[in-house]
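Here is a short report on one structure.

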Amino acid sequence: METLGGTEFAPESAYLNTSTCGLLPRRAVTAMAELARELAAGRPEGAGDWGQVSAARGSFARLTGVSEGRVAVGGSVSVHTGLIASSLPPGAEVLFPEGEFASVVTPFIARGDLKARYAPLDGLADAVRPGTALVAFSAVQSADGRIVDLRAVREAAAAYGARTLLDASQSAGWLPLDAGAWDFTVTGGFKYLLCPRGVSFLTVTEEAQRTVVPLHAGALAAESPWEAFYGPVKRFARSARRFDEPPAYLSYHGAAPALALLEEIGVEAVHAHATALARRFREGLSSLGHTPVPGDSAIVAVPGLGGRAEELARAGVVVSARAGNLRAAFHLYNSAADVDRALDVIAG
């Protein structure tokens, strides 16, 4: 299997670590370098183009099946999650999977007046009950690549009137996402969306927007930003843009062309490519006597092999170790040769 993306990527290793950080396409590097040169020379328009932020917002909206009016931009998942945590009433119950990523859990715990409850990942839907205010979870688990039964969780939450917060950081870009199916989604852009760090997205349904206060709002969250530089914002944007963080322009200049590339290739094509490579890797691991976490995820985890990540790196295969697992993540710039190289090193 050849790579997708053509000459946009030129990794110098078998890079199987997108779950930590994705590779930047050439077009993103070019756009960021151009802005950096302009900033060094004294750019008359300031730090960057708002049009690039709007382009990134639009691409993300199309990739996830929602209108741009539901998408807020920012710099980190934890800030988006903190905004949602601030909107809950004291004593509200939030349900998490056991072992969920810290950025999804911590903002709720830090409040100190919410009730946190945990359930096994495969029993998350069954754990929703009367009084559950919010179910917060990652579509794909960071530690081992397991995919949540999304339909079951959505139906259980609807049955009990609970809202949902889905973290798509480990899935958006390879796993098709209908962001409109969830009250909130949060997504770090620097993994499978191929964006630089400093890019993240929040989606909020129109109904949920009425319950969230734009606590970190600045001038750009106003309905007319260029008229709101001084004094408090008097009229917030009527869309989810009122929840924007002030953007890191250099990162968003890279994000806009990166997301455009994903649109050109298509998430369905990436999904087919990445999961086929992951399947090849699982089959190879099994033939070597190892037992990877089962499933059809683009992320493959092998319990007990986390200690071999450094050995693989020395051999030119970049993976990661998480919760004792060896974690390999496949994306559009990977090929069958990457899989076979990793298996050769593991075989010794």
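## Helices H1 and H8

H1 and H8 are roughly antiparallel to each other, because their angle falls in that class (over 145 degrees, between N-to-C directions). The angle is about 155°, and the axes, lines fitted to C-alpha atoms over the stretch in contact, lie 8 Å apart. H1 covers residues 26-41 and H8 covers residues 249-265. Helices here are DSSP runs (H or I, at least four residues), numbered from the N terminus.

Contact means heavy atoms within 4.5 Å. On the H1 side it includes Arg27, Met32 and Leu35; on the H8 side, Tyr249, His253 and Glu264 are among the residues. The contact of H1 with H8 has 11 nonpolar, two polar and two charged residues. Nonpolar means Ala, Val, Leu, Ile, Met, Phe, Trp, Tyr, Cys and Pro; charged means Asp, Glu, Lys and Arg; the others, Gly among them, are polar.

## Helices H9 and H11

H9 (residues 267-287) packs with H11 (residues 336-347) at about 20°, with axes 9 Å apart. H9 and H11 are therefore roughly parallel (under 35 degrees). Leu277, Arg280 and Phe281 are among the H9 residues that meet H11, where Val339 and Asp340 are included.

## Basis of the model

This is a predicted model: local features need pLDDT of at least 70, side-chain atom pairs count only at pLDDT 80 or more, and totals for chains, interfaces and linings use all residues. Residues are numbered from 1 along each chain as its sequence is written, and side-chain values use heavy atoms, leaving out hydrogens and water.

Definitions and conventions:
Axes fitted to C-alpha atoms, helices over the stretch in contact; angles between N-to-C directions. Helix = DSSP H or I, 4+ residues; strand = E, 2+ residues; numbered from the N terminus. Parallel < 35°, antiparallel > 145°, perpendicular 65-115°, else oblique.
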